[in-house]
Amino acid sequence: MPNRRRTLAALTALAAAPLLPARAEARSPEPGSSKARSPQAPAGRGGPARARLVAAERVDERVLDLTIDSPALGREGHARVLLPTGYDRRPHHRWPVLYLLHGCCDPGPGWEAWTRNTDVEGITAATPALIVSPEGGPAGFYSNWWNGGHYGPPAWETFHLAELRPLLERALRANGRRAIAGLSMGGFGALSYAARHPRLFRAAASFSGVIHTTLDPTGIQNILTGQGADPTALWGDPAAQSALWDAHNPYALIPRLPRGYPLYVACGNGTPGPLDPPGRPEDALERGLGEMAQRYVRRADAHGLAVTAHLYGPGTHTWPYWERELTRALPLLTARLV
């Protein structure tokens, strides 16, 4: 195919120019904090550091891989973009964006996880939007890390919302309409970002998401330890820095979402289900996440959010269920993008 593994000429020109981080949308202070930290790039000499598009590689007709020199991460970051069908034939059209976030601890590059493990290309073939899967780190938890109060890299929230977002708007003709979804750690990211920045995303979805982090803080810290990270570097100690934990906890952030906000929340209960192979053991992780989902849905309903809950019972923490739930959630997400 002539398009395979070629770099877009227009993006090559943009790669030579620095990208200034866009100003974060105004938002109210975080719970338990007198000041809100907006997602902005770390400051350097002469002002804020700049993110730069380093490469844009066209893998095939729809798949475009971006490499970004990211001050927020202190290194290069990545994102895989599924272009809408017919993107090249409409050079002046601007497109909405569906962010599709990956989970933790994947053995391969996180930004490739959805295309590697599901038929997301087929599922979204008729979706008139840019489908963007950004890198989130093995266990980055879609947050600007506290790092003992010093912050600095990795600042994932800044990378996604103040560096990648304006890059998509300038280089790929993204417009101002956005929705967000993710699995596991990415489900956390989707509902956390939606509530921390309620003007940025029009709808959000979580598939087996870690959406009540203070229900099991030890579990979060064990994930970090398993990835070789300091378990307090993310949000500090769960007791001493409880306000910071709450400021990133989707369950605690529910009141920040406006009434009627559309959400899709799906999770199994850990018992092997119809998409599991014979002999699959019970999944304790999915069972715990199912409890989080139940509590989240009850509170979201009480707050007046428009929750579509698919707490489907038997099902494990595996890709076949997340592929199915993306298919089911897609109409809700895309309805808000038109």
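Colleague: Which residues does L66 touch, and what makes a touch count as a contact?

Modeller: A contact means heavy atoms within 4.5 Å, and L66 touches L53, A55, A56, G77, H78, A79, V81, L164, L167, L168 and L172, not counting residues up to four places away in sequence. This is a predicted model, in which local features need pLDDT of at least 70 and side-chain atom pairs count only at pLDDT 80 or more, while totals for chains, interfaces and linings use all residues. Residues are numbered from 1 along each chain as its sequence is written, and side-chain values use heavy atoms, with hydrogens and water left out.

Colleague: What makes a set of residues a nonpolar core, and how many residues has the largest one?

Modeller: The members must be buried Ala, Val, Leu, Ile, Met, Phe, Trp, Tyr or Cys residues joined through side-chain atoms within 4.5 Å. The largest such core has 69 residues, and L66, L130 and L168 are those with the most contacts inside it.

Colleague: How do you know whether R173 and S208 are buried or exposed?

Modeller: Buried means under 20% relative accessible area, exposed over 50%, and partly exposed in between (1.4 Å probe, protein chains only). R173 has a value of 15% and therefore counts as buried, and S208, at 0%, is buried as well. Of the 338 residues of the protein, 54% count as buried.

Colleague: Why is one space called a cavity and another a pocket?

Modeller: On a 1 Å grid over the protein atoms alone, a cavity is a set of points where a 1.4 Å probe fits but cannot get out, whereas a pocket is an open set with protein on both sides within 12 Å along at least five of seven lines. The structure holds one cavity of 30 Å³ or more, and the largest cavity has a volume of about 30 Å³, where a volume is the space filled by probe spheres set on points joined across faces, edges and corners. The largest pocket has a volume of about 380 Å³.

Colleague: How do you know which residues line the largest pocket, and which are closest to its centre?

Modeller: A lining residue has an atom within 4 Å of a point. There are 21 such residues for the largest pocket, and S184, I223, L285, L289 and H317 are the closest to its centre. Helix α8 (284-303) is one of the elements that supply at least two lining residues, and its four residues are the largest share.

Colleague: How does the lining of the largest pocket divide by class?

Modeller: It has 14 nonpolar, five polar and two charged residues, where Ala, Val, Leu, Ile, Met, Phe, Trp, Tyr, Cys and Pro count as nonpolar, Asp, Glu, Lys and Arg as charged, and the others, Gly among them, as polar.
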